[in-house]
Amino acid sequence: MHTHRCRLGALLIALLLCACEQREIPVHEFQFFAFGTLIELTIAGAESRSAQRAYRRIEKDFKTLDEDLYPWREGVLARTNRLLARGQPFTVDPLLVPMIDEATRLSRLSGGLFNPAIGALVELWGFTGGEPPRTPPPRNDIMRLVAGQPSMQALVFAAPTLKSTNKALRLDFGAYAKGYAVDRGIEALRALGIKNAILNAGGDLRAYGRRGARPWHIGIRHPRAPGVFASVEIETDESILTSGDYERFFIYNRKRYHHVIDPRTGYPIRKAICATVIHRSAAVGDATATALLVAGPDHWEALAQAMGIKQAMLVDAAGNIHVTSKLRERIRFHVDPGRSIVKSADR
Amino acid sequence: MEFEVTREDIRIAWLTALALGMYVLEMAFPSPLPGFKPGLANIVTVAALVCFGWATAAWIALLRVLAGSLLAGTFLSPGFALSLSGALASLMVLGLAVSVSRKALSEVGYSLLAALAHMGGQIGAAYCLFIPHAGLFKLLPVLMSAALVFGLLNGIIARSMTQVLLAK
Amino acid sequence: MTTADKTVLILALALIAALYAHSWAPAPAAESARVSSAGKPDLWLALGADREVVIEGVLGPTDLEIRDGRIRFRRAPCLGKHCIHSGWLASDGDFAACLPNAVAVQVVGKGTGFDAITF
């Protein structure tokens with residue numbers, strides 16, 4: 001009797017196993033606001049307590065950096081800009097040293113197309129606060145600021161002091177801060193023992209590990225329509241960053257004015273609508289994505305090479321997609337990449 | 001070389017031939033869903049199980065899968081892998097059923113078990129080898145329902161077959 | 001049919017019924033939207049029933065409209081109204097946010113979509 005029941009039980013189990021079930025791994029998702037945008041943290045395969053602890057740490061770090069790095073808040077960067085304007089050397093906050101160092105290097109590699117010294121111009125356009133502006137600033141004001149030719153080369157760093165030789169210089173790490181924060185965040189997550197995560201700061205993200213049995217699926221938003229026009233899979237540690245003219249903008253007299261300013265002209269770039277970069281470091285990717293938009297369809301590839309980026313994509317103003325060969329090997333398009341992805345009315 | 005051919009061998013041979021015949025017959029009919037077949041050849045497997053025991057049925061089922069794939073030109077193809085997985089799964093389940101009790105189930109019961117296990121084994125193999133997509137499991141309820149229906153029908157036909165076999 | 005046969009049949013029917021329940025039932029209710037607003041826990045909204053939902057943001061109330069399995073920003077206290085211009089959000093991963101008001105809406109499907117979107 002006993003053995004009969006055991007065998008019956010085994011029989012039932014065999015039947016059930018034939019309909020093999022999938023096992024679900026735990027995935028934790030957190031969201032909070034910082035840097036003027038939505039920050040999302042996704043953790044896979046960790047237990048709830050570790051995930052919660054990681055989230056609290058990331059949220060705290062981001063909110064601190066937000067205070068310090070955004071020049072319109074009363075933090076380290078705002079104070080530093082005031083001191084730089086005096087033209088005298090001063091002891092610089094250690095938080096900024098690696099940032100200034102890397103930003104200067106990236107600015108040089110990009111030939112000045114990535115230029116975090118144009119803080120005054122950025123503020124003039126008004127994309128820095130919570131509300132977007134409605135009208136472009138007066139042309140004279142723009143020209144005056146451009147004439148000052150602020151660049152990172154005007155900074156003189158003799159540890160621990162910093163000074164600026166150009167009164168027009170004002171630091172704004174807007175095109176770099178999110179990537180920098182993401183890199184620090186990923187380091188913190190790793191140190192906390194998280195093995196699989198995505199940290200997404202308003203669309204600039206870095207992912208490592210996998211989601212259970214499969215890699216992370218990352219979508220690239222269409223610049224003019226809801227939804228996604230391309231996607232990639234990430235499983236080794238990689239960042240993917242996008243810069244676009246649709247993130248902060250206003251329309252005035254039927255022209256689009258957006259937050260990616262060409263340092264050479266003082267006006268928003270017009271030759272491209274979005275750029276995407278894949279690279280290990282989110283900070284480098286962030287700076288490069290912005291610089292690619294400034295470089296435009298004629299020079300984007302040379303710029304990517306100069307910045308050491310092998311996987312990049314640019315959508316020009318006509319909606320045509322340009323992509324490096326290394327990225328073409330892995331990117332999956334959800335549209336026809338051979339044709340323009342925007343209707344002329346949307347440009 | 002001389003082979004000694006036993007009575008058992010002859011029995012297996014012609015029963016396998018019969019199962020093959022049914023398999024070929026089934027190929028003539030288009031199937032509404034890929035991998036979805038009434039499994040007429042299982043009639044022979046089940047009848048053989050009831051009349052001559054699990055070992056004989058196992059020989060017949062596996063030989064049929066092998067010979068069938070050679071005949072259809074699908075040997076070592078994905079279809080072959082699915083067929084084999086289905087056959088192995090149903091044999092395993094039949095073996096368990098027989099070890100619990102030889103007499104409790106009739107041809108209908110065995111056929112039902114075999115059909116469900118066969119379908120389950122095929123889907124499992126498809127998932128592990130070819131289509132690791134959760135979407136595959138959406139098909140499970142429909143395919144298993146079909147397996148249940150055909151399992152019952154085949155079982156009833158297998159009943160008649162055992163009468164014939166035992167009469168011989 | 002023997003008793004054992006009948007038992008097997010009943011178990012098989014039960015198994016298949018369970019498979020149907022597992023695979024098919026969740027489909028209609030699967031699309032939902034996740035609404036985040038600063039300082040508050042996330043709100044999950046099912047997109048099955050048409051209705052309007054008001055979310056309090058940093059600047060004031062935001063009206064969200066749900067209709068035909070889609071969701072959109074209907075009224076918002078911001079100046080730019082980009083959130084409203086984003087239109088209807090319908091597929092897994094579709095996302096719009098009123099950043100000045102710190103309200104974000106993302107459509108979540110059944111896990112066949114994307115883990116994150118870059119933009």
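This is a predicted model: local features need pLDDT of at least 70, side-chain atom pairs count only at pLDDT 80 or more; totals for chains, interfaces and linings use all residues.
## Chains B and C in outline

Two of the chains can be set side by side by their computed composition, as in the table below.

| Chain C | two helices and eight strands | 38% of the 119 residues | 30% |

In chain B the elements run α-α-α-α-α-α from the N terminus on, whereas chain C, read along its sequence, follows the pattern α-β-β-β-β-β-α-β-β-β.

## The eight-stranded sheet of chain A

Chain A holds an open sheet of eight strands whose order is 1-2-6-7-10-13-14-15 and whose pairing is antiparallel. Strand 1 and strand 15 (321–323) of chain A are the edge strands, each of them pairing on one side only, and from one strand to the next the twist averages 10 degrees. Helix 2 of chain A, which spans residues 48–69, lies across strand 1, strand 2 and strand 6 of chain A and runs at about 15 degrees to strand 1 of chain A.

Strand 7 of chain A can be followed through its neighbours on either side. With strand 6 of chain A, strand 7 of chain A forms a hairpin that has two residues between the strands, and in the turn Gly202(A) has a positive phi of about 55 degrees. Five bridges join these antiparallel strands, strand 6 and strand 7 of chain A, and within this pairing Ile198(A) has Ala207(A) of strand 7 of chain A as its bridge partner. Strand 10 of chain A is also antiparallel to strand 7 of chain A and is joined to it by three bridges; here Ala207(A) stands opposite Glu238(A) of strand 10 of chain A. Strand 7 of chain A is mostly covered, with five of its five residues buried: Asp204(A), Arg206(A) and Tyr208(A) point one way, while Leu205(A) and Ala207(A) point the other way.

Further along the sheet order, strand 13 (residues 272–279) and strand 14 (residues 311–316) of chain A pair in the antiparallel sense over six bridges. In that pairing, Ile278(A) has Gln311(A) of strand 14 of chain A as its bridge partner.

## Where chain A meets chain C

The contact between these chains takes 34 residues from chain A and 25 residues from chain C. On the side of chain A that touches chain C, the elements giving two or more residues include strand 1 (27–34), strand 2 (37–44), strand 6 (197–201) and strand 7 (204–208) of chain A. The largest share of that side, six residues, comes from strand 8 of chain A.

A second open sheet takes strands from both chains, with four strands in the order 16(A)-9(A)-8(A)-8(C) and mixed pairing. Its edge strands are strand 16 (332–333) of chain A and strand 8 (116–118) of chain C, each pairing on one side only. Strand 9 of chain A, residues 228–234, runs antiparallel to strand 16 of chain A and is joined to it by two bridges, and Ala230(A) stands opposite Phe333(A) of strand 16 of chain A.

In soluble globular proteins, nonpolar side chains tend to be buried together. The largest nonpolar core of this model has 122 residues, of which Leu199(A), Ala275(A), Ala291(A), Leu292(A), Ala97(C) and Val105(C) touch the most other members. Helix 8 of chain A, residues 282–306, gives the most to this core, with 13 residues. Leaving aside residues up to four places away in sequence, Ala275(A) touches residues including Thr242(A), Ala289(A), Leu292(A), Leu293(A), Ala312(A) and Leu314(A). Another core, of 51 residues, lies apart from the largest one and has Leu15(B), Ala61(B), Leu116(B) and Ala126(B) among its members.

## A helix crossing in chain B

Helix 1 (residues 7–27) and helix 3 (residues 54–72) of chain B have axes that come within 9 Å and cross at roughly 45 degrees, which makes helix 1 of chain B oblique to helix 3 of chain B. The crossing of these helices of chain B is right-handed. Among the residues that make the contact are Ile12(B), Leu15(B), Ala19(B) and Tyr23(B) of helix 1 of chain B, together with Trp59(B), Ile60(B), Leu63(B) and Gly68(B) of helix 3 of chain B.

Terms used: Residues are numbered from 1 along each chain as its sequence is written. Chains are lettered from A and ligands numbered from 1 in the order in which they are written. Two strands pair if DSSP finds at least two bridges between them. A nonpolar core is a set of buried Ala, Val, Leu, Ile, Met, Phe, Trp, Tyr and Cys residues joined through C-beta atoms within 7 Å. A residue is buried if 20 or more other C-beta atoms lie within 10 Å of its own, exposed if 12 or fewer, and partly exposed in between; C-beta atoms are placed from the backbone. Two residues are in contact if their C-beta atoms, placed from the backbone, lie within 7 Å. Axes are lines fitted to C-alpha atoms, for helices over the stretch in contact, and angles run from 0 to 180 degrees between N-to-C directions. Angles under 35 degrees count as roughly parallel, over 145 as roughly antiparallel, 65 to 115 as roughly perpendicular and the rest as oblique. A crossing is left-handed if the near helix is turned anticlockwise from the far one by less than a right angle, and right-handed if clockwise.
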